[in-house]
Amino acid sequence: MSQRSDVYRTSLLGLLSPAIVLSIWETAGLLGWVNPILLPRPSQIVWTLVELVANGAVFPPLLYTVALFVVGYVIASILGVTIGVAMATSETLYGVLEPLVEILRPIPKSALVPVLFLFLGIGKATMITVVALAAVFPVLISTFQGVRGLDPVLLDTARTFQTSRMRTIVSIVLPASLPMILAGMRVALGLGLVLVILAEMLAGEDGVGFRILDLQRAFQIRDMFAWIFVLVALGGGLMMLFDLVERRLVPWRGKT
Amino acid sequence: MGERLGFDHVTKIFETPGSDTGFVAFDDITLEAASSEFLAIVGPSGCGKSTLLKMAAGLMPPTKGKILLDGKPIFDPPPGVVYLFQQYAKSLFAWRTVIDNVMFPLEGAPRHQRGDLREMCRDYLKQVGLDGFEDSYPWQLSGGMQQRVAIARALAADPQVLLLDEPFSAVDALTRMELQTLVLQLWERRKFTAILVTHDVEEAIFLADRVAVLGAKPTALKEIIEVGLPRPRDQLTTREDPRFLKLRHHLTSLLLARNSGHVAAV
């Protein structure tokens, strides 16, 4: 009980710092410290945002971005977990794949966006690939580390019950590494989101990133900021959803 | 009846970097637990008792010699040989409920038998005193209860041989006595062969028919002692039996003699 109220208190305290920043921003606008055309006040932006939501204009680009992101993210998660487990459980696959992974991993994935445009053209396939490329490595690396770090007692237990290799992987290795897999997926969530927005800005046809750049070029600054707020809400919402799912999937975390 | 499990001239050498000979953990150990016997192996911490048991379970191959199950050499963990780990928390599956942990060894069975098997697992949980906890998760239970879950899971695997790797060393003294009594009851009922490794001399005498004492490095068999105390054994009367005390004196002095060299060196 007291633990729960602690959680609430911490999250309330967490609202404090954004509130302070917003107040300073608002005050700066009111007192004319900044150019109101380049930096509208938060209250004005929120009003534009409310309009966007009320007339429904926010939804098509938002859904477009979310759909691209989710498809790329799911592909990355499946690939990352599969390759991660394969590399951790097979010395041969580790030998074959490890150099490739180590070469590709440090490349900032944003640098690959122009290359992908060359091969895949401008469109959804490129966006999804960009997200998947950005998100796959954190998932892969932490899955690999999670599986390699499993306690030998757990695997010995499986062996003494004559558990087949496949069943050991599916019913022991995967669930036991789930906390690590999810840690990687959390990092991948942020990276994937950054990359989908960036790719939309560079050569999108629609979506939140495309809108933000489009409005900036049209000098509709207040609308541009409203879309940036949409982006903030999207990121925050996805993280909260992730926390929720994680708590359901690994209730034993920190308790064993 | 439980199966015989034995070490036949078993030597274990661990390769160590920078050494041609390696580290000799065991040298030529020959020892067999008879069918349905309770055999205890005692030795000071760090003498490699767990290694011995891991070899017996087929989890680790000996460098020389053989592990014999009813006279036949084993290479992989054979069915019917169940291992009870000291680190019960790591051996249980945190993502499964208690009953699903116990069900694990039986999940290879055909689907239509699952219902009956589940009932059987409920019964095992009852036998270890955990009825009512079927749907809890292991991490919600105390250490002693977690080891009970592991014991119920071992029963579900229909053990012919139960290997006990200091299974009670991580729980408090009172819980340890309860678990010892529980294992003895189950052993008397199920008649499996039991091999216990422990550094606790009293535990070894209390539980076992024979106690094997491991000696100095490289570890070899020093002595095998017949316990001969009457069964069923009782935590109070057995431990107060003059024969118990005499055995304890003898075994303890054996183990201390091994260590006295170290003490003198300090």
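In the largest nonpolar core, which holds 129 residues, A:V131, B:L163 and B:I195 touch the most other members. A nonpolar core here is a set of buried Ala, Val, Leu, Ile, Met, Phe, Trp, Tyr and Cys residues joined through C-beta atoms within 7 Å. Helix α8 (residues 165-203) of chain A supplies the largest share of this core, 15 residues. The model is predicted: local features need pLDDT of at least 70, side-chain atom pairs count only at pLDDT 80 or more, and totals for chains, interfaces and linings use all residues. Residues are numbered from 1 along each chain as its sequence is written, and chains are lettered from A and ligands numbered from 1 in the order in which they are written.

**Around B:I195**
- Leaving out residues up to four places away in sequence, B:I195 touches B:L5, B:A33, B:L39, B:I41, B:L53, B:A56, B:V161, B:L163 and B:L164.
- Contact means C-beta atoms, placed from the backbone, within 7 Å.

**Helix α10 of chain A**
- Helices (H or I, at least four residues) and strands (E, at least two) are DSSP runs, numbered from the N terminus.
- Helix α10 (residues 221-249) of chain A has 29 residues and should span 42 Å at 1.5 Å a residue; its end C-alpha atoms are 42 Å apart, which agrees.
- The expected span is 1.5 Å times one less than the number of residues.
- Buried residues in α10(A) are A:D223, A:M224, A:F225, A:A226, A:W227 and A:V230.
- Buried means 20 or more other C-beta atoms within 10 Å of the residue's own, with C-beta atoms placed from the backbone.
- Their cover includes α2 (42-54), α3 (59-89) and α9 (208-217) of chain A.

**Domains of chain B**
- Chain B is assigned domain 1 (1-80 + 160-266) and domain 2 (87-158); domain bounds come from an automatic or database domain assignment.
- Taken over C-alpha atoms, the centres of these domains of chain B are 26 Å apart.
- Their contact takes 11 residues from domain 1 of chain B and nine residues from domain 2 of chain B.
- Helix α6 (residues 173-190) of chain B gives the most to the domain 1 side, with six residues.
- That domain 1 side has eight nonpolar, two polar and one charged residues.
- Ala, Val, Leu, Ile, Met, Phe, Trp, Tyr, Cys and Pro count as nonpolar, Asp, Glu, Lys and Arg as charged, and the others, Gly among them, as polar.

**Between the chains**
- The contact takes 20 residues from chain B and 14 residues from chain A.
- On the chain B side, β6 (81-84) and α2 (88-91) of chain B are the elements that give two or more residues.

Methods. Buried ≥ 20, exposed ≤ 12 C-beta atoms within 10 Å, placed from the backbone. Contact = placed C-beta atoms within 7 Å.
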